[in-house]
Amino acid sequence: MKRYSAFAVAREAARFHTGWERAWKSPEPRKTYDVIIVGAGGHGLATAYYLGRNFGITNVAILEKGWLGGGNTGRNTTIIRSNYLQDPSAAIYEKARSLYEDLSQDLNYNVMFSPRGVMMLAQTEHEVRGYLRTAHANALQGVETRFIQPDEVKKLVPIINIDGPRYPVLGALWQPRGGTARHDAVAWGYARACSDMGMDVIQKCEVTGVRQEGGKVTGVETSRGAIGCNKLGIVVAGHSGVLAEMAGFRLPIESVALQALVSEPVKPCMDVVVMANTVHGYMSQSDKGEMVIGGGADGFNNYTQRGSFHHIEETVRALIETFPMISRLKMLRQWGGIVDMTGDRSPILSKTPLENCFINCGWGTGGFKSIPGSGWGFAELMARGHSSLCEDFSMFRFREGKFIDESVAAGVAH
């Protein structure tokens, strides 16, 4: 299996430097694009890719204030699943999961998709009822999931303790075609495909203002000068509220840190993804042998991208009862990402009060798993003005009371 070093990350990022390296001084746009996407993470790059592939729109610039894939795309635990309760959610997440299956062939770049299966443990009677309800909903939605009993959980995950004194395993919602992928490779694959279509991926280019005239977007101000555009897509995850304010409107979201950690590498011991939502912990094993561990989001609004000791204690303490072997492991790395939460724990893919300005945000803890589906639907929304995948995720649904409540299916998001 191919390994990625820090040098490889830098080498891949360097591929997308363009002639925009010089500083721009002119107050007027040097160039006008058909579309500008703000944010060169997975969602932004996927949007640009499907604009080119599905609609032939290639006069596109993707702007990134940092480096390619350096935000939440490179800071998550890579879980891919689509077992959501509500129909609009199941549709877009299942579209994403199905696109992941062929993404390496589509991009001609190995994203290391591993359909190892994802199980969500039921450790209370309330969870059993909830997951049975989700399994029935998924059957109607065409999403392959089923509720399994404790003996099958133990068979799939031999290292698990199903008889914990506080939270015994009463069953699990099992999606055999869920899994993981390599997060950096997803960003690099989409970026290379966009570059090959003639799009500009411009790194270290921070947007500092949104230009508009007569209620219509005309371009952006950046740390490198002004750039014009006919349409603007804002895809910046935890900083969506900041960009929305520049464009003159507010979003119903809040930003919090979501932390994760990995252990030292050990021999293969778990070949599925396990989520334990009652205790707010989830775990899988990477190709390098590390145990990838995550938990709940911070309980207060913040923009930090670092770990904290209280999170280690809370998350690992919760998982040790279910996985006793991890009590002897040493931690290798810890990090954080900035996630943007909506009130109903469902995303926003929407037109905005500013004409020809579109917003893609609010994915909370479910951003990575949705990248291909999000890009597919958001590209259609930007190109055609409507998309069946996105129509229920308008930012105006909160004003209209049309919530898409996924606070249970999102698991660790609440």
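Strand β4 (residues 118–122) is joined by 3 bridges to strand β13 (residues 273–276), and the two run parallel; helices (H or I, at least four residues) and strands (E, at least two) are DSSP runs, numbered from the N terminus, and two strands count as paired if DSSP finds at least two bridges between them. Within this pairing, methionine 120 has methionine 275 of β13 as its bridge partner. The structure is a predicted model, in which local features need pLDDT of at least 70 and side-chain atom pairs count only at pLDDT 80 or more, while totals for chains, interfaces and linings use all residues. Residues are numbered from 1 along each chain as its sequence is written, and side-chain values use heavy atoms, with hydrogens and water left out.

β4 also pairs with strand β6 (residues 171–175), here in the antiparallel sense and over 5 bridges, and alanine 122 stands opposite glycine 171 of β6. In a regular strand the side chains alternate between the two faces of the sheet. In β4 both faces are covered, with Val118, Met120 and Ala122 buried on one side and Met119 and Leu121 buried on the other; buried means under 20% relative accessible area, exposed means over 50%, and partly exposed lies in between (1.4 Å probe, protein chains only).

Helix α2 (residues 42–55) is mostly covered as well, since 11 of its 14 residues are buried, among them His43, Leu45, Tyr49 and Tyr50. The 14 residues of α2 should span 20 Å at 1.5 Å a residue, and the 19 Å between its end C-alpha atoms agrees with this; the expected span is 1.5 Å times one less than the number of residues. After α2 comes glycine 56, whose phi is positive, near 70 degrees. Helix α3 (residues 87–101) has 15 residues and reaches 21 Å from its first C-alpha to its last, close to the 21 Å expected, and its buried residues include Ile92, Tyr93, Leu99 and Tyr100.

In soluble globular proteins, nonpolar side chains tend to be buried together. A nonpolar core is here a set of buried Ala, Val, Leu, Ile, Met, Phe, Trp, Tyr and Cys residues joined through side-chain atoms within 4.5 Å. Of the 48 residues in the largest one, Ile37, Leu45, Tyr50, Ile62, Tyr100, Val186 and Tyr190 touch the most other members. The elements that each supply at least two residues of this core include α2, α3, α7 (183–196) and α10 (371–384), and the largest share, 8 residues, comes from α7. Tyrosine 190 touches Leu45, Ala46, Tyr49, Tyr50, Leu103, Leu107, Ile371 and Pro372, not counting residues up to four places away in sequence, where contact means heavy atoms within 4.5 Å. A second, separate core of 29 residues includes Val217, Ile227, Cys229 and Cys361.

Charged side chains also meet, and the count comes to 15 salt bridges, each being a side-chain nitrogen of Lys or Arg within 4 Å of a carboxyl oxygen of Asp or Glu. Three of them are set out below.

| Arginine 97 | Glutamate 94 | 2.8 Å |

Arginine 97 and glutamate 94 both lie in helix α3, 3 residues apart, about one turn of the helix. Arginine 97 counts as buried at 4% relative accessibility, and glutamate 94 is buried at 17%.

Glutamate 290 is buried at 6%, and arginine 333 is partly exposed at 38%.

A search of the whole structure finds 0 disulfides, a disulfide being a pair of cysteine sulfur atoms within 2.5 Å. For cysteine 194, the nearest cysteine sulfur is that of cysteine 205, 16 Å away. Cysteine 194 is buried, with a relative accessible area of 0%, while cysteine 269 is partly exposed, at 21%.
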